[in-house]
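This report goes through one protein chain by region. Please read it alongside the sequence and the coordinates.

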Amino acid sequence: QHVLRRMLEEKYLTPQQHEQAVEQPLVYAAFHGGFAAPHAVDLLESQGGTAGEVCRTTLDAALQHRVEQMLVNHLAALQERHVTQAAAVVIDNASGDVLALAGSRDFFSAAGGQINGAWTPHSPGSAVKPFTYLLALERGWTPATVIPDLPVSFATPTGVYTPENYTGVCLGPVTLRNALGNSLNIPAVKTLHHIGGAPVLVETLQRLGITTLTEPAEHYGLGLTIGNAPVRLLELANAYACLARLGEYRPWRLLADAPAPPPVRVFDERHAWQIADILTDNQAHLRTFGAHSPLRMTYRVAIKTGTSSSYRDNWALGYTPAFTVGVWAGNFDRTPMQGVSGVTGAAPILAEIFLELRDLPGGTR
């Protein structure tokens with residue numbers, strides 16, 4: 001009103017134009033300018049205090065923009081099923097460099113846009129299972145080892161724990177390959193129990209850079225393998241990058257000039273390859289996901305999904321020898337989605353990102 005009055009006094013507006021402008025309701029446009037990759041910049045400042053410094057990031061500006069747009073497009077299609085947010089990261093396996101990091105659908109949105117979904121811990125659901133089975137392979141199991149997918153209960157300090165499969169159906173004796181490929185809960189819990197329980201998995205995940213496991217292993221129990229402990233998308237994606245390197249771990253890196261420590265071998269190369277072979281085997285996915293799910297790519301990509309209880313979070317993690325991608329979808333207010341699982345929510349975003357990566361050097365390796 002003050003500005004309009006001054007414009008009238010300075011004769012930029014006629015009295016009639018002034019009256020029309022006063023009566024017109026104000027409509028505020030969302031701010032979409034500012035700086036590129038804002039969640040990554042915020043993360044850098046929180047990690048190392050780069051405010052006021054000139055630094056080079058590892059981000060690929062074109063890829064970053066494409067990933068941000070993919071989140072917007074896919075979330076628009078999922079709006080009616082109450083999926084309001086998503087996050088995605090892309091890692092170059094050779095270096096650990098983060099090539100893209102988008103923490104929400106719109107950083108400048110007042111509806112939680114500045115929350116970084118790539119760094120905020122969430123329950124990963126079944127996305128932790130590959131590490132349980134890899135530990136079993138390291139202890140002498142094979143992809144053909146038979147695990148009984150039958151009802152079971154475990155006595156715990158807090159009561160009886162009875163895991164159930166996502167579908168509510170038991171398949172009887174299954175191989176490790178089919179147990180992981182079909183993401184069966186009961187065999188995963190039985191496997192973790194057999195190889196030593198939560199302590200061995202906690203230690204392994206911590207070695208892979210998961211920093212959110214701060215409670216004693218007994219606090220998580222056998223449910224750790226099906227996602228009862230929150231993790232960060234960026235850290236879990238980097239753990240998957242270790243699988244992509246066939247067992248060699250590198251820390252993730254956002255600053256291009258930061259030192260790159262040499263890789264550390266965590267797993268045997270053969271066993272990491274076997275996990276990749278299972279996660280790229282469409283036949284191993286059939287019973288749960290069908291023949292034509294988003295897990296089936298036009299080239300070999302190892303993919304694992306995860307869905308937390310009550311559909312509050314869904315995940316898709318995937319890798320090739322060249323790149324690792326992680327996607328989370330859900331709601332920052334923790335309200336459940338309407339029946340959206342990792343394979344229907346996060347996996348289509350991951351699939352489109354890998355189609356984009358296919359055209360980069362080494363993308364189809």
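Leaving aside its neighbours within four places in sequence, which residues is Ser95 in contact with? Ser95 is in contact with Arg250, Pro251 and Arg253, where contact means heavy atoms within 4.5 Å.

## Basis of the model

This is a predicted model, in which local features need pLDDT of at least 70, side-chain atom pairs count only at pLDDT 80 or more, and totals for chains, interfaces and linings use all residues. Residues are numbered from 1 along each chain as its sequence is written, and side-chain values use heavy atoms, with hydrogens and water left out.

## Overall description

The chain has 13 helices and 11 strands; helices (H or I, at least four residues) and strands (E, at least two) are DSSP runs, numbered from the N terminus. Along the principal axes, the C-alpha atoms fill a box of roughly 85 × 45 × 40 Å.

Of the 365 residues in the chain, 51% are buried. Buried means under 20% relative accessible area, exposed over 50%, and partly exposed in between, with a 1.4 Å probe and protein chains only. Among the contacts with a separation of 6 or more, 69% come from residues 24 or more positions apart.

An open sheet of 5 strands runs in the order 2-1-11-10-9, with antiparallel pairing; two strands pair if DSSP finds at least two bridges between them. Strand 2 (98–102) and strand 9 (302–307) stand at the edges with a single partner strand each, so one side of each lacks a neighbour in the sheet. From one strand to the next, the twist averages 10°. Axes are lines fitted to C-alpha atoms, for helices over the stretch in contact, and angles run from 0 to 180 degrees between N-to-C directions.

Strand 1 (residues 85–92) pairs with strand 2 in the antiparallel sense over 4 bridges, and Val89 stands opposite Leu101 in strand 2. Helix 11 (residues 269–279) packs on the sheet, where it touches strand 9 and strand 10 (313–319), and its direction makes about 75° with that of strand 9.

## The loop at Ser95

Ser95 lies in the loop between strand 1 and strand 2. Its relative accessibility is 18%, so Ser95 counts as buried. Ser95 and Pro251 are 156 residues apart along the chain, and their C-alpha atoms are separated by 8.8 Å.

## Helix 5 and helix 8

The axes of helix 5 (residues 129–138) and helix 8 (residues 198–207) come within 10 Å and cross at roughly 110°. The two helices are therefore roughly perpendicular to each other, the class for angles of 65 to 115 degrees; under 35 counts as roughly parallel, over 145 as roughly antiparallel and the rest as oblique. Phe131, Thr132 and Leu135 in helix 5 meet Val200, Leu201, Thr204 and Leu205 in helix 8. By class, this contact has 5 nonpolar, 2 polar and no charged residues. Ala, Val, Leu, Ile, Met, Phe, Trp, Tyr, Cys and Pro count as nonpolar, Asp, Glu, Lys and Arg as charged, and the others, Gly among them, as polar.

Helix 5 is largely enclosed by the rest of the structure, because 9 of its 10 residues are buried; among them are Lys129 and Tyr133. Just after helix 5, Gly140 takes a positive phi of about 105°. In helix 8, Thr204 is buried at 8% relative accessibility. Not counting residues up to four places away in sequence, Thr204 touches Leu135 and Phe267.

## Cysteines

A search of the whole structure finds 0 disulfides, a disulfide being a pair of cysteine sulfur atoms within 2.5 Å. Cys55 is partly exposed, with a relative accessible area of 33%. Cys170 is partly exposed, with a relative accessible area of 34%.
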